[in-house]
Amino acid sequence: MTKEIRGQPGPQEAFLSTPADVCIYGGAAGGGKTYGMLLDALHYVHVPGFGAVFFRKNHNQIFSEGGLWDTSLELYSLLRNAEPAPGRSQWRFWGKGRRILSKVSFAHIERDLALRKWQGSQICGIYFDELTHFSEKQFFYMLSRNRSACGVRPYMRASCNPDVDSWVAEFIAWWINQDTGYPIPERSGKIRWFIRREEVVSWADTREELWKQFGLTTAEERSEPKSVSFIAASVYDNKALLKRDPGYLS
């Protein structure tokens, strides 16, 4: 019997379909953010050479009961060509002749010093589960590792819970009502563009504005601005969770 795997209508579908280079999926617990990111990685597991890495702050957050790895088991085990390799903290997706087609891996970055081991890496899909647990330096360093040699345009996805003291709050400020601290509904899913120079982030509504502002003329220079979107979700958007566990709200 074939089981359909798809996102839930609403914010999760919007997250799965955004064309943004960077998309942050935010909201309180229970919004389906982690599941949505694991689902998002399946977009490209049929592409030879595709690789994605999911990051959490520490190893325990990946492998604790009901954590990221357990959630991946629930989802990826439904696929015939997927095989877990727990010893490598990795899922492998097989092609014909038992050839590894693509990989989805899990890793942790606890301190800035741990970034050294990612020097020289090329990661097509980067996922930060709970972005507010990571430093600004960790985020932007890994963004510099966001490269692709498989034909898929490199991208970054992240989930986050509200934290006004995090650097993330400033990064997504345009999408948030600064008086209430809540997301602005009509801005959820909208795309803006940024460029980062000397640790300062400059924003614009279009990349052309940034081309003009920074005098970007060559094709290489004009590829520097990145598009960003923020998508808000709440537990009420996660109908599957509320149906499975009606007592979750309490």
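Visitor: Where does the model come from, and what gets counted?
Guide: This is a predicted model, where local features need pLDDT of at least 70, side-chain atom pairs count only at pLDDT 80 or more, and totals for chains, interfaces and linings use all residues. Residues are numbered from 1 along each chain as its sequence is written, and side-chain values use heavy atoms, with hydrogens and water left out.

Visitor: What is the mean pLDDT of the chain?
Guide: The mean is 90, and 88% of residues reach 70 or more; pLDDT is the predictor's confidence in each residue, from 0 to 100.

Visitor: Where does pLDDT stay under 50?
Guide: Over residues 235-243.

Visitor: How many residues has the largest nonpolar core?
Guide: It has 31, and F50, F54, Y76, W91, F93, V104 and F106 are those with the most contacts inside it. A nonpolar core is a set of buried (under 20% relative accessible area, 1.4 Å probe, protein chains only) Ala, Val, Leu, Ile, Met, Phe, Trp, Tyr and Cys residues joined through side-chain atoms within 4.5 Å.

Visitor: Which element gives the most to it?
Guide: α4, with four residues; helices are DSSP runs of H or I, at least four residues, and strands are E runs of at least two, numbered from the N terminus.

Visitor: Which residues of α4 are buried?
Guide: L68, W69, T71, S72, L75 and Y76.

Visitor: What do they pack against?
Guide: α2, β2, α3, β3, β4 and β5, with contact meaning heavy atoms within 4.5 Å.

Definitions and conventions: Buried < 20%, exposed > 50% of the residue type's maximum accessible area, 1.4 Å probe, protein only.
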